[in-house]
Amino acid sequence: MANDSARDTGRPELRVLRQDEWNVWYDTLIRAFGGVPETAEERELWDTLTELDRSLGAWDGDTCVGTAGVFSFRLTVPGGAAVPAAGVTMVSVAATHRRRGVLTSMMRRQLDDVREWGWPLAVLTASEPEIYGRFGYDVGSLQVSAEIDTTRVRLSVPAGTDDVRLRYAAPADVLDVCEALYARTVTGRPGMLARLPGWERLGLLDPESEREGSSPLQCVLAELDGEVVGYARFHVKPEWDASGAKGVVRVRDVQAVDPVAQAALWRFLFGIDLTCTVKAYARPVDEAWQYQVSDLRRCAVRVRDALHVRLVEVGAALEARTYHAPVDVVFEVEDAFCPWNSGRWRLSGDGKGASCERTTDAADLSLSVRELGAAYLGGVSLAALGAAGRVRELRRGALAQAAVGFGSAVAPWLPHGF
Ligand SMILES: CC(=O)SCCNC(=O)CCNC(=O)[C@H](O)C(C)(C)COP(=O)(O)OP(=O)(O)OC[C@H]1O[C@@H](n2cnc3c(N)ncnc32)[C@H](O)[C@@H]1OP(=O)(O)O
(Lines give C-alpha, C1' and ligand atoms only; values in the text may rest on other atoms or scores of the structure.)
Protein backbone atom coordinates (compact mmCIF):
# COMPACT_ATOMS: atom_id res chain seq x y z
CA MET A 1 0.00 0.00 0.00
CA ALA A 2 2.68 2.46 1.15
CA ASN A 3 4.80 1.54 -1.86
CA ASP A 4 1.98 2.15 -4.30
CA SER A 5 1.05 5.50 -2.83
CA ALA A 6 4.72 6.52 -2.85
CA ARG A 7 4.95 5.66 -6.57
CA ASP A 8 1.74 7.56 -7.29
CA THR A 9 2.73 10.71 -5.48
CA GLY A 10 6.47 10.77 -6.22
CA ARG A 11 7.14 10.81 -2.46
CA PRO A 12 10.01 8.60 -1.29
CA GLU A 13 9.00 5.07 -0.40
CA LEU A 14 9.40 4.16 3.25
CA ARG A 15 10.31 0.59 4.09
CA VAL A 16 11.94 -1.57 6.72
CA LEU A 17 15.69 -1.89 6.20
CA ARG A 18 17.26 -5.04 4.74
CA GLN A 19 20.79 -6.21 5.47
CA ASP A 20 21.83 -5.90 1.81
CA GLU A 21 20.80 -2.22 1.91
CA TRP A 22 22.70 -1.37 5.08
CA ASN A 23 25.86 0.00 3.44
CA VAL A 24 24.00 2.43 1.19
CA TRP A 25 21.67 3.37 4.05
CA TYR A 26 24.60 4.02 6.37
CA ASP A 27 26.46 6.05 3.74
CA THR A 28 23.36 8.26 3.44
CA LEU A 29 23.44 8.81 7.20
CA ILE A 30 27.16 9.57 7.30
CA ARG A 31 26.84 12.05 4.43
CA ALA A 32 24.02 13.90 6.22
CA PHE A 33 26.42 14.36 9.13
CA GLY A 34 29.11 15.86 6.90
CA GLY A 35 30.47 12.83 5.07
CA VAL A 36 33.61 12.14 7.11
CA PRO A 37 34.05 8.37 6.97
CA GLU A 38 34.28 6.41 10.21
CA THR A 39 36.92 3.81 10.89
CA ALA A 40 36.28 0.27 9.67
CA GLU A 41 35.92 -0.81 13.31
CA GLU A 42 33.24 1.80 14.04
CA ARG A 43 31.38 0.97 10.88
CA GLU A 44 31.44 -2.74 11.62
CA LEU A 45 30.20 -2.09 15.15
CA TRP A 46 27.25 0.03 14.01
CA ASP A 47 26.43 -2.60 11.38
CA THR A 48 26.29 -5.19 14.15
CA LEU A 49 24.24 -2.97 16.46
CA THR A 50 21.69 -1.82 13.88
CA GLU A 51 18.34 -3.50 14.53
CA LEU A 52 17.30 -4.02 10.93
CA ASP A 53 13.66 -4.88 11.55
CA ARG A 54 13.21 -1.70 13.58
CA SER A 55 15.03 0.54 11.09
CA LEU A 56 13.50 2.47 8.21
CA GLY A 57 14.88 3.68 4.91
CA ALA A 58 13.27 6.26 2.63
CA TRP A 59 13.98 5.51 -1.03
CA ASP A 60 13.64 7.67 -4.12
CA GLY A 61 13.86 4.93 -6.71
CA ASP A 62 17.17 3.18 -5.97
CA THR A 63 18.54 6.11 -4.01
CA CYS A 64 18.38 6.10 -0.25
CA VAL A 65 17.26 9.56 0.88
CA GLY A 66 16.26 8.97 4.48
CA THR A 67 17.31 6.86 7.45
CA ALA A 68 15.89 6.24 10.91
CA GLY A 69 16.68 3.49 13.41
CA VAL A 70 15.47 2.25 16.77
CA PHE A 71 17.36 0.42 19.49
CA SER A 72 15.29 -1.71 21.85
CA PHE A 73 16.46 -0.18 25.09
CA ARG A 74 15.38 -0.53 28.68
CA LEU A 75 15.37 2.81 30.40
CA THR A 76 15.63 3.29 34.15
CA VAL A 77 12.73 5.41 35.38
CA PRO A 78 12.15 6.95 38.83
CA GLY A 79 11.67 4.05 41.24
CA GLY A 80 14.27 1.94 39.42
CA ALA A 81 12.14 -0.05 36.95
CA ALA A 82 13.66 -0.80 33.54
CA VAL A 83 11.01 0.23 31.02
CA PRO A 84 11.04 -0.69 27.31
CA ALA A 85 11.95 2.41 25.34
CA ALA A 86 12.62 2.95 21.65
CA GLY A 87 16.05 4.53 21.30
CA VAL A 88 15.52 6.63 18.19
CA THR A 89 18.77 6.96 16.30
CA MET A 90 20.55 7.38 12.95
CA VAL A 91 17.97 9.88 11.71
CA SER A 92 18.86 11.67 8.50
CA VAL A 93 17.42 13.01 5.27
CA ALA A 94 19.60 13.66 2.23
CA ALA A 95 20.16 17.38 1.66
CA THR A 96 18.77 16.90 -1.86
CA HIS A 97 15.42 15.91 -0.31
CA ARG A 98 15.25 18.12 2.78
CA ARG A 99 12.14 19.97 3.94
CA ARG A 100 9.72 17.89 1.92
CA GLY A 101 8.32 16.00 4.87
CA VAL A 102 10.57 12.91 4.71
CA LEU A 103 11.53 13.17 8.39
CA THR A 104 7.89 13.73 9.32
CA SER A 105 6.85 10.57 7.46
CA MET A 106 9.58 8.56 9.22
CA MET A 107 8.59 9.90 12.66
CA ARG A 108 4.94 9.07 11.91
CA ARG A 109 5.74 5.49 10.96
CA GLN A 110 8.20 5.03 13.79
CA LEU A 111 5.86 6.18 16.56
CA ASP A 112 3.04 4.04 15.14
CA ASP A 113 5.44 1.06 15.16
CA VAL A 114 6.63 1.73 18.71
CA ARG A 115 3.02 1.83 19.85
CA GLU A 116 2.33 -1.45 18.09
CA TRP A 117 5.36 -3.06 19.79
CA GLY A 118 3.76 -2.05 23.09
CA TRP A 119 6.60 0.18 24.31
CA PRO A 120 5.44 3.19 26.33
CA LEU A 121 8.41 5.46 25.65
CA ALA A 122 10.68 6.75 22.90
CA VAL A 123 13.93 8.56 23.64
CA LEU A 124 16.67 10.18 21.61
CA THR A 125 19.64 12.51 21.67
CA ALA A 126 19.20 15.31 19.17
CA SER A 127 21.75 16.73 16.76
CA GLU A 128 19.74 19.94 17.06
CA PRO A 129 17.26 20.29 19.93
CA GLU A 130 14.75 22.17 17.81
CA ILE A 131 13.93 19.24 15.54
CA TYR A 132 11.88 16.91 17.73
CA GLY A 133 9.44 19.01 19.76
CA ARG A 134 6.92 18.94 16.92
CA PHE A 135 6.84 15.15 17.27
CA GLY A 136 6.10 15.31 21.02
CA TYR A 137 9.63 14.96 22.46
CA ASP A 138 11.07 17.23 25.11
CA VAL A 139 14.29 17.44 27.08
CA GLY A 140 14.01 15.02 30.00
CA SER A 141 17.60 15.01 31.21
CA LEU A 142 20.46 17.47 31.20
CA GLN A 143 24.19 16.93 31.30
CA VAL A 144 27.17 18.89 32.48
CA SER A 145 30.50 19.46 30.81
CA ALA A 146 33.38 21.05 32.65
CA GLU A 147 36.90 22.31 32.10
CA ILE A 148 38.51 22.29 35.52
CA ASP A 149 41.65 24.27 36.35
CA THR A 150 43.23 21.68 38.62
CA THR A 151 46.13 23.97 39.50
CA ARG A 152 43.66 26.16 41.41
CA VAL A 153 40.68 23.95 42.24
CA ARG A 154 41.01 21.62 45.21
CA LEU A 155 38.74 18.66 45.89
CA SER A 156 37.58 17.78 49.43
CA VAL A 157 36.77 14.11 49.61
CA PRO A 158 34.68 12.18 52.16
CA ALA A 159 36.14 10.06 54.96
CA GLY A 160 37.12 6.62 53.78
CA THR A 161 38.40 7.72 50.38
CA ASP A 162 41.96 6.78 51.34
CA ASP A 163 40.86 3.15 51.79
CA VAL A 164 40.10 2.82 48.08
CA ARG A 165 42.96 1.28 46.10
CA LEU A 166 43.51 2.34 42.49
CA ARG A 167 45.28 0.39 39.77
CA TYR A 168 45.82 0.81 36.06
CA ALA A 169 44.47 -1.87 33.75
CA ALA A 170 44.29 -2.26 29.98
CA PRO A 171 40.71 -1.19 29.11
CA ALA A 172 40.05 -4.31 27.02
CA ASP A 173 41.37 -6.65 29.73
CA VAL A 174 38.90 -5.36 32.32
CA LEU A 175 35.94 -4.76 30.03
CA ASP A 176 33.82 -7.48 31.65
CA VAL A 177 34.55 -6.17 35.14
CA CYS A 178 33.64 -2.62 34.07
CA GLU A 179 30.44 -3.81 32.39
CA ALA A 180 29.41 -5.72 35.52
CA LEU A 181 29.96 -2.57 37.54
CA TYR A 182 27.97 -0.49 35.06
CA ALA A 183 25.12 -3.00 35.35
CA ARG A 184 25.13 -2.47 39.13
CA THR A 185 24.81 1.30 38.73
CA VAL A 186 22.19 1.36 36.00
CA THR A 187 19.12 1.27 38.23
CA GLY A 188 20.55 3.98 40.49
CA ARG A 189 19.69 6.87 38.24
CA PRO A 190 16.66 7.56 36.05
CA GLY A 191 17.63 8.00 32.42
CA MET A 192 20.31 5.31 32.34
CA LEU A 193 20.13 2.51 29.79
CA ALA A 194 20.78 -1.16 30.40
CA ARG A 195 23.54 -2.23 28.01
CA LEU A 196 22.35 -4.37 25.09
CA PRO A 197 24.61 -7.20 23.88
CA GLY A 198 27.51 -5.75 21.90
CA TRP A 199 27.12 -2.25 23.32
CA GLU A 200 30.03 -2.71 25.71
CA ARG A 201 32.34 -2.37 22.69
CA LEU A 202 31.32 1.28 22.33
CA GLY A 203 33.17 2.05 25.55
CA LEU A 204 36.41 0.84 23.99
CA LEU A 205 36.15 2.62 20.63
CA ASP A 206 39.24 4.75 20.42
CA PRO A 207 39.96 5.92 16.86
CA GLU A 208 43.26 7.76 16.60
CA SER A 209 41.58 10.38 14.40
CA GLU A 210 39.54 11.55 17.39
CA ARG A 211 42.36 11.65 19.92
CA GLU A 212 43.69 15.07 18.91
CA GLY A 213 47.13 14.27 20.27
CA SER A 214 45.89 12.51 23.39
CA SER A 215 46.99 9.11 24.61
CA PRO A 216 45.10 5.95 23.75
CA LEU A 217 42.29 5.18 26.19
CA GLN A 218 43.50 4.51 29.73
CA CYS A 219 41.62 2.82 32.54
CA VAL A 220 41.95 2.86 36.31
CA LEU A 221 40.02 0.51 38.56
CA ALA A 222 38.97 1.43 42.09
CA GLU A 223 38.97 -1.45 44.57
CA LEU A 224 37.86 -1.79 48.16
CA ASP A 225 38.55 -4.95 50.14
CA GLY A 226 39.47 -6.69 46.90
CA GLU A 227 36.21 -5.82 45.17
CA VAL A 228 35.99 -3.52 42.14
CA VAL A 229 33.89 -0.53 43.19
CA GLY A 230 34.48 1.82 40.28
CA TYR A 231 36.41 2.64 37.15
CA ALA A 232 37.55 5.66 35.20
CA ARG A 233 38.37 5.72 31.50
CA PHE A 234 40.26 8.71 30.21
CA HIS A 235 42.90 10.08 27.86
CA VAL A 236 45.86 12.27 28.75
CA LYS A 237 47.10 14.91 26.36
CA PRO A 238 50.65 15.98 27.17
CA GLU A 239 51.26 19.67 26.56
CA TRP A 240 54.22 21.89 27.38
CA ASP A 241 55.02 25.56 27.03
CA ALA A 242 57.79 27.87 28.27
CA SER A 243 56.50 27.68 31.84
CA GLY A 244 56.29 23.90 31.95
CA ALA A 245 53.79 21.07 31.76
CA LYS A 246 50.18 21.89 30.88
CA GLY A 247 48.73 18.47 30.20
CA VAL A 248 45.00 17.83 29.87
CA VAL A 249 43.01 14.89 31.23
CA ARG A 250 40.01 14.08 29.03
CA VAL A 251 37.53 12.07 31.06
CA ARG A 252 35.57 9.60 29.04
CA ASP A 253 33.71 7.62 31.67
CA VAL A 254 33.56 7.43 35.46
CA GLN A 255 31.32 4.91 37.18
CA ALA A 256 31.29 3.93 40.83
CA VAL A 257 29.01 2.07 43.17
CA ASP A 258 29.22 4.61 46.01
CA PRO A 259 30.34 8.16 46.83
CA VAL A 260 33.66 7.09 48.32
CA ALA A 261 34.76 5.20 45.22
CA GLN A 262 33.51 8.09 43.09
CA ALA A 263 35.56 10.58 45.10
CA ALA A 264 38.69 8.41 44.90
CA LEU A 265 38.44 8.34 41.11
CA TRP A 266 37.86 12.07 40.76
CA ARG A 267 40.73 12.83 43.14
CA PHE A 268 42.94 10.65 40.98
CA LEU A 269 41.86 12.45 37.80
CA PHE A 270 42.50 15.84 39.41
CA GLY A 271 45.99 14.82 40.46
CA ILE A 272 47.61 13.16 37.44
CA ASP A 273 51.15 14.47 37.18
CA LEU A 274 52.07 16.98 34.47
CA THR A 275 48.42 17.91 33.89
CA CYS A 276 46.63 21.08 34.93
CA THR A 277 43.19 20.72 33.31
CA VAL A 278 40.49 18.09 33.57
CA LYS A 279 37.93 18.13 30.78
CA ALA A 280 34.77 16.17 31.43
CA TYR A 281 31.73 15.80 29.22
CA ALA A 282 28.23 14.39 29.68
CA ARG A 283 28.33 14.16 33.45
CA PRO A 284 25.30 14.16 35.79
CA VAL A 285 24.11 17.65 36.76
CA ASP A 286 24.24 16.72 40.45
CA GLU A 287 27.52 14.77 40.49
CA ALA A 288 29.25 15.06 43.84
CA TRP A 289 32.52 16.62 42.65
CA GLN A 290 30.65 19.88 42.00
CA TYR A 291 30.00 20.12 45.75
CA GLN A 292 33.53 19.04 46.68
CA VAL A 293 35.49 21.61 44.68
CA SER A 294 36.99 24.73 46.25
CA ASP A 295 36.10 26.97 43.29
CA LEU A 296 33.20 26.03 41.03
CA ARG A 297 33.78 29.09 38.84
CA ARG A 298 37.13 27.71 37.74
CA CYS A 299 35.40 24.51 36.65
CA ALA A 300 33.69 26.25 33.70
CA VAL A 301 30.55 24.17 34.08
CA ARG A 302 28.14 24.13 31.15
CA VAL A 303 24.74 22.53 31.02
CA ARG A 304 23.02 21.21 27.91
CA ASP A 305 20.16 18.96 26.90
CA ALA A 306 20.82 15.22 26.96
CA LEU A 307 17.97 12.72 26.63
CA HIS A 308 14.78 13.81 24.87
CA VAL A 309 11.75 11.84 26.05
CA ARG A 310 8.45 11.08 24.32
CA LEU A 311 5.55 9.36 26.04
CA VAL A 312 4.19 7.05 23.36
CA GLU A 313 1.50 5.65 25.65
CA VAL A 314 0.72 8.20 28.36
CA GLY A 315 -1.14 5.80 30.65
CA ALA A 316 1.41 2.97 30.54
CA ALA A 317 4.36 5.36 30.82
CA LEU A 318 3.02 7.17 33.88
CA GLU A 319 2.19 3.85 35.53
CA ALA A 320 5.69 2.50 34.93
CA ARG A 321 7.42 4.90 37.33
CA THR A 322 6.90 5.66 41.00
CA TYR A 323 6.34 9.06 42.62
CA HIS A 324 8.48 10.90 45.13
CA ALA A 325 5.39 11.92 47.14
CA PRO A 326 1.75 10.87 46.80
CA VAL A 327 0.07 12.29 43.69
CA ASP A 328 -3.59 12.28 42.74
CA VAL A 329 -4.14 14.49 39.76
CA VAL A 330 -6.20 14.67 36.57
CA PHE A 331 -4.25 15.77 33.51
CA GLU A 332 -5.84 17.22 30.40
CA VAL A 333 -3.31 16.13 27.79
CA GLU A 334 -2.94 17.52 24.30
CA ASP A 335 -1.01 15.39 21.79
CA ALA A 336 -1.48 16.41 18.18
CA PHE A 337 1.03 13.92 16.70
CA CYS A 338 -0.16 10.88 18.69
CA PRO A 339 -3.83 11.74 19.28
CA TRP A 340 -4.51 8.46 21.11
CA ASN A 341 -2.91 10.17 24.14
CA SER A 342 -5.10 13.25 24.04
CA GLY A 343 -7.78 13.72 26.69
CA ARG A 344 -8.11 13.32 30.42
CA TRP A 345 -6.06 10.96 32.57
CA ARG A 346 -6.18 10.42 36.33
CA LEU A 347 -2.80 9.61 37.83
CA SER A 348 -2.72 8.23 41.38
CA GLY A 349 0.66 7.19 42.66
CA ASP A 350 3.25 7.19 45.39
CA GLY A 351 6.63 5.66 46.12
CA LYS A 352 5.33 2.11 45.66
CA GLY A 353 3.43 2.31 42.40
CA ALA A 354 0.86 4.13 40.33
CA SER A 355 -2.27 3.82 38.24
CA CYS A 356 -3.08 6.08 35.32
CA GLU A 357 -6.46 5.72 33.66
CA ARG A 358 -8.85 7.58 31.43
CA THR A 359 -11.34 9.71 33.32
CA THR A 360 -14.20 12.11 32.73
CA ASP A 361 -13.48 13.97 35.98
CA ALA A 362 -12.61 17.65 35.85
CA ALA A 363 -8.98 18.33 34.96
CA ASP A 364 -6.51 19.69 37.54
CA LEU A 365 -3.66 20.45 35.17
CA SER A 366 -3.64 21.11 31.45
CA LEU A 367 -0.49 20.46 29.43
CA SER A 368 0.80 18.81 26.28
CA VAL A 369 2.56 15.47 26.03
CA ARG A 370 5.86 17.37 25.76
CA GLU A 371 5.65 18.66 29.33
CA LEU A 372 4.97 15.13 30.54
CA GLY A 373 8.06 13.94 28.63
CA ALA A 374 10.19 16.72 30.13
CA ALA A 375 9.04 15.96 33.69
CA TYR A 376 8.96 12.18 33.30
CA LEU A 377 12.46 11.32 34.56
CA GLY A 378 12.26 13.74 37.47
CA GLY A 379 14.86 16.19 36.19
CA VAL A 380 12.56 18.99 35.04
CA SER A 381 10.03 20.44 37.47
CA LEU A 382 6.39 20.67 36.41
CA ALA A 383 6.24 23.83 38.56
CA ALA A 384 9.04 25.35 36.47
CA LEU A 385 7.17 24.40 33.31
CA GLY A 386 4.09 26.03 34.88
CA ALA A 387 6.08 29.20 35.50
CA ALA A 388 7.10 29.09 31.86
CA GLY A 389 3.43 29.11 30.90
CA ARG A 390 3.54 25.53 29.67
CA VAL A 391 1.35 23.90 32.35
CA ARG A 392 -1.98 25.43 33.32
CA GLU A 393 -3.20 24.86 36.87
CA LEU A 394 -6.96 24.38 36.98
CA ARG A 395 -7.20 23.30 40.63
CA ARG A 396 -5.32 25.30 43.22
CA GLY A 397 -2.43 23.33 44.70
CA ALA A 398 -2.41 20.64 42.01
CA LEU A 399 0.73 21.94 40.32
CA ALA A 400 2.85 21.97 43.49
CA GLN A 401 1.62 18.49 44.44
CA ALA A 402 2.36 17.05 41.02
CA ALA A 403 5.74 18.82 40.83
CA VAL A 404 6.90 17.27 44.10
CA GLY A 405 5.54 13.86 43.15
CA PHE A 406 7.31 13.85 39.79
CA GLY A 407 10.64 14.87 41.35
CA SER A 408 13.61 12.57 41.83
CA ALA A 409 16.20 12.50 44.62
CA VAL A 410 18.94 12.00 42.04
CA ALA A 411 19.03 13.81 38.72
CA PRO A 412 18.45 11.73 35.59
CA TRP A 413 21.54 11.05 33.51
CA LEU A 414 22.47 9.51 30.20
CA PRO A 415 26.10 8.39 30.43
CA HIS A 416 26.59 7.70 26.73
CA GLY A 417 25.06 8.70 23.45
CA PHE A 418 23.52 6.38 20.89
C1 LIG B 1 17.98 11.10 16.86
C2 LIG B 1 18.91 11.53 15.76
O3 LIG B 1 19.40 10.75 15.03
S4 LIG B 1 19.25 13.20 15.62
C5 LIG B 1 19.96 13.41 13.99
C6 LIG B 1 19.12 14.24 13.07
N7 LIG B 1 19.82 14.29 11.78
C8 LIG B 1 20.61 15.34 11.39
O9 LIG B 1 20.76 16.33 12.11
C10 LIG B 1 21.32 15.18 10.08
C11 LIG B 1 21.20 16.44 9.21
N12 LIG B 1 19.83 16.87 9.00
C13 LIG B 1 18.91 16.11 8.35
O14 LIG B 1 19.19 15.00 7.95
C15 LIG B 1 17.53 16.69 8.07
O16 LIG B 1 17.66 18.08 7.90
C17 LIG B 1 16.49 16.42 9.18
C18 LIG B 1 16.40 14.93 9.44
C19 LIG B 1 16.91 17.09 10.50
C20 LIG B 1 15.14 17.01 8.77
O21 LIG B 1 14.60 16.26 7.69
P22 LIG B 1 13.49 16.86 6.68
O23 LIG B 1 12.99 15.74 5.86
O24 LIG B 1 14.05 18.04 6.03
O25 LIG B 1 12.37 17.31 7.72
P26 LIG B 1 10.83 17.59 7.34
O27 LIG B 1 10.73 18.11 5.95
O28 LIG B 1 10.02 16.39 7.67
O29 LIG B 1 10.54 18.75 8.39
C30 LIG B 1 9.47 18.74 9.28
C31 LIG B 1 9.44 20.04 10.02
O32 LIG B 1 10.62 20.13 10.85
C33 LIG B 1 11.32 21.34 10.56
N34 LIG B 1 12.75 21.04 10.66
C35 LIG B 1 13.40 20.07 10.01
N36 LIG B 1 14.71 20.09 10.36
C37 LIG B 1 14.86 21.08 11.24
C38 LIG B 1 15.98 21.60 11.95
N39 LIG B 1 17.22 21.07 11.78
N40 LIG B 1 15.78 22.64 12.78
C41 LIG B 1 14.55 23.17 12.92
N42 LIG B 1 13.44 22.72 12.28
C43 LIG B 1 13.62 21.69 11.45
C44 LIG B 1 10.92 21.68 9.15
O45 LIG B 1 11.11 23.06 8.90
C46 LIG B 1 9.48 21.27 9.11
O47 LIG B 1 8.72 22.28 9.76
P48 LIG B 1 7.20 22.60 9.32
O49 LIG B 1 6.45 21.31 9.53
O50 LIG B 1 6.80 23.69 10.23
O51 LIG B 1 7.31 22.97 7.89
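This is a predicted model: local features need pLDDT of at least 70, side-chain atom pairs count only at pLDDT 80 or more; totals for chains, interfaces and linings use all residues.

User: Okay, which residues come nearest to the ligand?
Analyst: V91, V93, L103, T104 and S127, out of the 22 residues around the ligand.

User: And which element gives the most to that shell?
Analyst: β4, with six residues. β4 (82-93) and α4 (102-117) each supply at least two residues of the shell. Helices (H or I, at least four residues) and strands (E, at least two) are DSSP runs, numbered from the N terminus.

User: What's the shell like by class?
Analyst: Eleven nonpolar, five polar and six charged residues. Ala, Val, Leu, Ile, Met, Phe, Trp, Tyr, Cys and Pro count as nonpolar, Asp, Glu, Lys and Arg as charged, and the others, Gly among them, as polar.

User: New topic, the seven-strand sheet. What's the order?
Analyst: β8-β9-β10-β13-β14-β7-β15, an open sheet with mixed pairing; two strands pair if DSSP finds at least two bridges between them. β8 (165-169) and β15 (302-305) are at the edges with a single partner strand each, so one side of each has no neighbour in the sheet.

User: How many bridges join β7 to β14?
Analyst: Five, between residues 142-149 and residues 275-283, and the two strands run antiparallel. The bridge partner of E147 is K279 in β14.

User: Which strands does α5 touch?
Analyst: Helix α5 (residues 175-185) packs on the sheet against β10 (227-237) and β13 (247-256), its direction making about 110° with that of β10. Contact is C-beta atoms, placed from the backbone, within 7 Å. Axes are lines fitted to C-alpha atoms, for helices over the stretch in contact, with angles from 0 to 180 degrees between N-to-C directions.

User: And where does α6 lie?
Analyst: Across β8, β9 (218-224), β10, β13 and β14, with α6 (residues 259-270) running at about 20° to β10.

User: Last one: how is the protein divided into domains?
Analyst: Domain 1 (2-119), domain 2 (143-305) and domain 3 (313-406), with bounds from an automatic or database domain assignment. The C-alpha centres of domain 1 and domain 2 lie 33 Å apart. Their contact takes 15 residues from domain 1 and 14 residues from domain 2.

Conventions: Residues are numbered from 1 along each chain as its sequence is written. A residue is near a molecule or strand if its C-beta atom, placed from the backbone, lies within 6 Å of it. Two residues are in contact if their C-beta atoms, placed from the backbone, lie within 7 Å.
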